[in-house]
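Subject: Structure handover

Hi,

Here is the structure I promised to pass on. Please open it alongside this email.

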Amino acid sequence: MNLYDLGPAQLEATLGEIVSPSFRVKQIEEWMHVRGVDAFGAMTNVPKDVRAELESRFTLAFPKVLTRTVPASDGSQKYLFRLHDGQRIESVYMPMSDRTSICLSSQAGCAVGCTFCVTGFFGPGRNIVPSEMLGQFYTIQHEKQIPAEQMNVVFMGMGEPLLNLENLVTTLDVLYRNMSPRRVTVSTSGIIPGIDDLARLEKRPNLAVSINAPDRKRREEIMPITAKYPLDELMASLRRFPLEKGRDITIEYVLLAGYNDSKSDAVALAKLIRGLHAKVNAIPFNADPNLPEWMKRPNDTAIDRFVDTLVQHNVRVTVRRSKGRDIAAACGQLRGKEIAKSRATREQPLRKASEPASPTASRR
Ligand code: SF4
């Protein structure tokens, strides 16, 4: 058993059966949840025989880093991790002037199938367990030597976190040992039962919701999950989500040129979220060879027009112009490149000279 798969209370109970006195349990918990060590040998104030006993029963293993991209001009860097069963997941390190965000994956694939997302293109993957989510976090924190008080965590990488709720909540409980829930954000495609479950938590993370179109028809075209969880019901779930003073819901909106980026789209979005404590994060689309060719990033004039229109309608808005753009920071793109490469290698001997080189050409 990996001890990082246990929440704080479970860990204390499990260790309490083996380790005494009780302050030793606290020491071990601190080595894990505060310092994030991945070996019992690192627990230097714990007696050797206790460490050996723990070693014989448990592990503290984290996913292994396969690749780190070269840092982008803004310092952001993407990590590709290998899980114990060979699955691959991505995380992103995003430094900013006053704080640092780490974007974590919650599933090794995604069944939601948003059409603008490479992870969605490659289909479902298994749920990631707490040791694998925390492993992404501690590995990057150690490498970058970031003090906990300067860190934010966002579950905005591969997967739909609210379809892996139990593991997510255990992970959140451990993260809260290092940071306030206000520094943790869970981003969802709009899984209404999951939003309601989050609403019932005593310690709630920030909520971000991927909206991407101001009406049901277009949202259903690019986010098939809308058929199951319609936009009006989703908005109702956001309106009943409890928010403490000073907290907002983030409305994520991927801007696609000529599709959802017009002035009237901005007006419709402002109307849709009116009365909600919300801010909009506009994200210009990141092109990828696996995604539909018609999907393009709007030019700067169109982005400015969209943002200015929201501001004129009293909507607070930020725009993610270049964070990690040159390292393919969008969800699943690095893993997508790896998968495409390995498929291309496998298919090479079978391909005739006249056939397209892209291993995914038939699906596009
Ligand atoms: S955007 Fe998120 S929810 Fe949608 S397919 Fe990609 S990983 Fe899944």
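Predicted model: local features only at pLDDT ≥ 70, side-chain atom pairs only at ≥ 80, totals over all residues.

Residues are numbered from 1 along each chain as its sequence is written, and side-chain values use heavy atoms, with hydrogens and water left out.

**Strand β8**

Strands here are DSSP runs of E with at least two residues, and helices are runs of H or I with at least four, numbered from the N terminus. Strand β8 covers residues 249-255, and seven of its seven residues are buried. Buried means under 20% relative accessible area (1.4 Å probe, protein chains only). In a regular strand, side chains alternate between the two faces of the sheet. In β8 both faces are covered: I249, I251, Y253 and L255 on one side, T250, E252 and V254 on the other.

Two strands pair if DSSP finds at least two bridges between them. β8 pairs in the parallel sense with β7 (residues 206-210) over three bridges. There, V209 has I251 of β8 as its bridge partner. β8 also pairs in the parallel sense with β9 (residues 278-284), over seven bridges. V254 has I283 of β9 as its bridge partner.

**Aromatic pairs**

Rings of Phe, Tyr and Trp (its six-membered ring) pair if their centres lie within 6.5 Å; planes under 30 degrees apart count as stacked, over 60 as edge-to-face, and the rest as tilted. That rule gives eight aromatic pairs. Y4 and F62 make a tilted one, at 5.0 Å centre to centre and 45 degrees between the planes. Y4 lies in the segment before α1 (8-16) and F62 in the loop between α3 (48-57) and β1 (64-68), so the pair ties together parts 58 residues apart in sequence. Y4 is buried at 0% relative accessibility, and F62 is buried at 9%. F121 and F122 make an edge-to-face pair, at 4.9 Å and 85 degrees. F121 is buried at 12%, and F122 is buried at 13%. Y4, F62, F137 and Y138 form one aromatic cluster.

**Second largest pocket**

A pocket is an open set of points on a 1 Å grid over the protein atoms alone, where a 1.4 Å probe fits, with protein on both sides within 12 Å along at least five of seven lines; lining residues have an atom within 4 Å of a point. The second largest pocket is lined by 13 residues, with N2, A61, F62, H84 and E132 nearest its centre.

Best wishes

Definitions and conventions: Buried < 20%, exposed > 50% of the residue type's maximum accessible area, 1.4 Å probe, protein only.
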